[in-house]
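Me: I would like to learn how to read a structure like this one, feature by feature. Could you walk me through it?

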Amino acid sequence: MSRAPLYLDHNATSPLRPGVFEAMTEALRAGGNPSSVHRAGRDARARVELARGLVARLVGALPSEVIFTSGGTEANNLALTGTGRRRVLVSAVEHDSVLKPVAHSEIIPVDREGVVDLAALERLLAAAPEPALVSVMFANNETGVLQPIAEVVRIARAAGALVHCDAVQGAGKAAVDLHGLGVDYLSLSAHKLGGPTGVGALVVRSDAPLVTDRRGGGQESYRRAGTENVAGIAGFGAAAEQAALRLEATELRDRLEAALLAIAPTAVVFGAGAARLGNTTCISMPGVSAETQVMALDLDGICVSSGSACSSGKVGKSTVLEAMGVAPSEAATALRISLGWDTTAGDIERLIDAWQRLYTRVGNSDMFRARAA
Ligand SMILES: Cc1ncc(COP(=O)(O)O)c(C=O)c1O
């Protein structure tokens with residue numbers, strides 16, 4: 001009898017938390033356009049505003065500071081292009097939706113653990129007088145490495161810069177607080193914290209500038225034109241409420257890493273020397289390509305991803321591991337395991353067992369080493 005699938009790829013997307021599906025179907029059934037003045041419209045508006053309050057509470061913001069978007073990508077694009085600052089500095093390990101919107105962004109390097117180089121940030125900011133926007137993520141999607149956002153803010157402020165933080169992988173997995181961090185802009189995505197895909201938010205401090213070139217209606221206080229995705233937003237709110245109650249702990253991740261390193265002592269946990277999210281492990285299996293690992297574990301009913309899964313679904317080069325100075329041959333063996341709100345101790349034992357069997361079968365195979373060389 002085949003076993004139930006085991007999903008350990010929460011950084012790609014996290015299954016819906018309890019209550020989210022119900023909140024969404026209720027909203028779909030009720031219908032209504034939040035801009036309409038009649039009862040149906042007012043009900044839809046109430047759902048949107050309830051969700052806005054819950055999302056704001058998750059990140060210590062005011063409801064009026066939350067702008068709903070179609071996801072993390074749109075939130076990042078809006079922040080990177082909407083502050084009015086033409087000079088933009090981004091860290092080398094950002095998601096493509098931060099790296100790509102501004103063609104001429106300056107890159108802040110990271111160290112071997114994947115932590116942003118603060119001295120380099122200071123030097124870059126001092127090199128030109130033009131006020132800048134600095135964008136540094138809260139936590140990395142591949143390694144889980146946390147960035148020193150408070151320090152980034154201190155340095156940026158001293159140079160008169162605005163600060164954006166992509167917290168798509170942080171919110172719901174660690175405590176994220178707009179005002180506590182001191183950033184001006186924070187990006188969120190519902191599906192990374194147990195909400196639906198296709199909805200997210202840019203959280204903008206009340207006193208921070210934001211101009212958008214999107215033309216249309218006056219929704220989201222004229223900051224994001226387009227009829228709101230009411231069901232998606234309702235699901236986002238329900239997930240945010242759950243996420244606020246249950247921030248993930250590190251015990252399962254620590255147990256997993258200790259067991260995998262005992263099986264393969266030469267395996268490397270990338271970013272292990274830095275503060276990391278409690279749910280993410282990016283680990284090499286010596287001698288076995290990430291592609292082989294993902295496929296073999298999939299046959300065992302376990303969903304994980306390669307350290308460098310790209311949007312096409314193929315295994316591409318990891319720019320994150322490259323920026324950390326990891327050799328391409330080693331990066332090609334990196335597996336990303338990301339736990340979530342529904343992961344149990346039994347799930348971890350099942351993965352350890354499958355990893356052990358795979359490593360015993362194909363680990364250190366000369367064939368792969370020859371191919372990687
Ligand atoms: C760090 C980070 N930022 C932004 C995004 C994009 O979010 P969305 O899928 O909601 O567009 C992702 C998605 O993988 C991410 O990991």
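Reply: Gladly. Let's begin with burial: a residue is called buried under 20% relative accessible area, exposed over 50%, and partly exposed in between, using a 1.4 Å probe and protein chains only. The model here is predicted, so local features need pLDDT of at least 70 and side-chain atom pairs count only at pLDDT 80 or more, while totals for chains, interfaces and linings use all residues. Residues are numbered from 1 along each chain as its sequence is written, and side-chain values use heavy atoms, with hydrogens and water left out.

Me: Is Phe236 buried or exposed?

Reply: Phe236 has a relative accessible area of 0%, so this residue is buried. Phe236 sits in helix H9, residues 230-245; helices are DSSP runs of H or I with at least four residues, strands are runs of E with at least two, and both are numbered from the N terminus.

Me: Which residues does Phe236 touch?

Reply: A contact means heavy atoms within 4.5 Å. Leaving out residues up to four places away in sequence, Phe236 touches Val55, Phe68, Leu188, Ala190, Leu193, Pro196, Val199, Gly200 and Ala201. As for distance along the chain, Phe236 and Met285 are 49 residues apart, and their C-alpha atoms are separated by 36 Å.

Me: How should I read the packing of two helices?

Reply: Start with the axes, which are lines fitted to C-alpha atoms, for helices over the stretch in contact; the angles between N-to-C directions run from 0 to 180 degrees. Angles under 35 degrees count as roughly parallel, over 145 as roughly antiparallel, 65 to 115 as roughly perpendicular and the rest as oblique. The axes of H1 and H9 come within 8 Å and cross at roughly 155 degrees, and these two helices are therefore roughly antiparallel.

Me: At what angle do H2 and H9 cross?

Reply: Their axes cross at roughly 35 degrees and come within 8 Å. H2 passes H9 in a left-handed crossing. By class, the contact of H2 with H9 divides into 13 nonpolar, 1 polar and 3 charged residues.

Me: Which residues make the contact between H5 and H6?

Reply: First the geometry: H5 (residues 118-126) and H6 (residues 149-158) pack at about 20 degrees with axes 10 Å apart, and are therefore roughly parallel. Leu118, Leu121, Glu122 and Leu125 of H5 meet Glu151, Val152, Ile155 and Ala156 of H6. That contact holds 6 nonpolar, no polar and 2 charged residues.

Me: How many salt bridges are there?

Reply: Side chains of opposite charge can pair when their charged atoms come close. In a salt bridge, a side-chain nitrogen of Lys or Arg is within 4 Å of a carboxyl oxygen of Asp or Glu, and a search of the whole structure finds 20. One of them pairs Asp9 with Arg336 at 3.2 Å, N to O. Asp9 lies in the loop between S1 and H1 and Arg336 in strand S12, so this pair ties together parts 327 residues apart in sequence. Both residues are buried.

Me: Where does the Glu26 and Arg47 pair sit?

Reply: Glu26 is in H1 and Arg47 in H2, 21 residues apart, and their salt bridge spans 4.0 Å, N to O. Glu26, at 45% relative accessibility, counts as partly exposed, and Arg47 at 25% does too.

Key
Ala, Val, Leu, Ile, Met, Phe, Trp, Tyr, Cys and Pro count as nonpolar, Asp, Glu, Lys and Arg as charged, and the others, Gly among them, as polar. A crossing is left-handed if the near helix is turned anticlockwise from the far one by less than a right angle, and right-handed if clockwise.
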